[in-house]
Amino acid sequence: MPPPIIAPSILAADFARLAEEARAVEGAADWLHVDVMDNHFVPNLTIGLPVVQSLIKTSTLPFDVHLMIEQPERWSIGYAEAGAYNVTFHVEAADDPVALAKNLRAAGSRAGLAIDRDTPVEPYLELLPHFDTLLIMTIKAGFGGQAFMPELLDKVRAARRQVDAGHLELRIEVDGGIARDTIEAAAEAGADAFVAGTAVYASADPAAAVRALRQAAGR
Ligand code: DX5
Ligand code: ZN
């Protein structure tokens, strides 16, 4: 497996100081994870395209945009055009995930497919060749600070088998409750990209927290 990706989630950052909070992990993090929530797909509301368009200009980090929204067909391409490195939408919300993945790649970003807590992964494994990232939630999408659910790692194991068998160049990303005491289990299950909100931004030294996570991932 390639070296792990550590992606701090700004959901746990101070929203009044987003540019500064993003800068705090430059040089330590690989991607910056941005959670877009619409209060329909999930019962929470965060930021949208105008904020991402502005923030992206202030940071050298690749943006990993996680869309927890309905109608991703309508909004995803704007994030790719804004310069996001990776745009991930939820399979539960998409009408035609493969078509949207193609459109995202054509617009210049990587394409990511997200699987929420209550959605099985097996029906979607055959779609993986069309994607660059598979995001497997390790909580129920919607809020930061929830407890990691180790039973969801079975989905990571199934995805890892599929990715290895097909020699796919796809990152398996886990999101939710990732911290120093949970990241190793996720890595062992086969994840190679790790989102961490609270574990990074509730820390007094976010860059050091990222480095500690990388070390705990054990690779
Ligand atoms: C929740 C978001 C996560 C969130 C994770 O739906 O997708 O990215 O920021 O937060 P922690 O790391 O605190 O569980
Ligand atoms: Zn997320």
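A: Setting aside residues within four places in sequence, D175 has contacts with H66, L135, M137, T138 and V195. Contact means that the C-beta atoms, placed from the backbone, lie within 7 Å.

Q: What kind of model is this, with what pLDDT limits?
A: This is a predicted model, where local features need pLDDT of at least 70, side-chain atom pairs count only at pLDDT 80 or more, and totals for chains, interfaces and linings use all residues. Residues are numbered from 1 along each chain as its sequence is written, while chains are lettered from A and ligands numbered from 1 in the order in which they are written.

Q: Where is D175 found?
A: In strand β7. Strands (E, at least two residues) and helices (H or I, at least four) are DSSP runs, numbered from the N terminus.

Q: Is D175 buried or exposed?
A: Buried, because it has 27 C-beta neighbours inside 10 Å. The cut-offs: buried is 20 or more other C-beta atoms within 10 Å of the residue's own, exposed is 12 or fewer, and partly exposed is in between, with C-beta atoms placed from the backbone.

Q: Which residues does the UniProt "active site" annotation cover?
A: D35 and D175, from an unreviewed entry. UniProt positions are in the numbering used here, feature names are shortened, and annotations may be inferred rather than shown by experiment.

Q: Why do they gather at one spot?
A: They span 141 residues in sequence, yet no two of their C-alpha atoms are more than 10.6 Å apart, so they come together.

Q: And D35, what does it touch?
A: S9, L11, T46, H66 and M68, not counting residues up to four places away in sequence. D35 sits in strand β2. D35 is buried, with 24 other C-beta atoms within 10 Å.

Q: Switching to the sheet. What is the strand order?
A: β1-β8-β7-β6-β5-β4-β3-β2, an open sheet of eight strands with parallel pairing. Strands pair if DSSP finds at least two bridges between them.

Q: Which strands stand at the edges?
A: β1 (5-8) and β2 (32-37). Each has a single partner strand, so one side of each lacks a neighbour in the sheet. The twist averages 20° from one strand to the next. Axes are lines fitted to C-alpha atoms, for helices over the stretch in contact, and angles run from 0 to 180 degrees between N-to-C directions.

Q: How many bridges join β1 and β8?
A: Four, in the parallel sense, with β8 at residues 193-196. A7 has V195 in β8 as its bridge partner.

Q: Which strands does α5 lie across?
A: Helix α5 (residues 153-165) lies across β5 (110-115), β6 (133-137) and β7 (171-175), at about 170° to β7. Helix α8 (residues 206-216) lies across β1 and β8, at about 145° to β1.

Q: Now the ligand. How many residues surround ligand 1?
A: 22, the closest being S9, L11, G144, G197 and T198. A residue counts as near if its C-beta atom, placed from the backbone, lies within 6 Å. β2, β8 and α7 (198-201) each supply at least two residues of this shell.

Q: Where is S9 found?
A: In the loop between β1 and α1 (18-23). S9 counts as buried, with 24 C-beta neighbours inside 10 Å. The UniProt "binding site" list, from an unreviewed entry, has S9 among its residues, including also H66, G144 and D175.

Methods: Contact = placed C-beta atoms within 7 Å.
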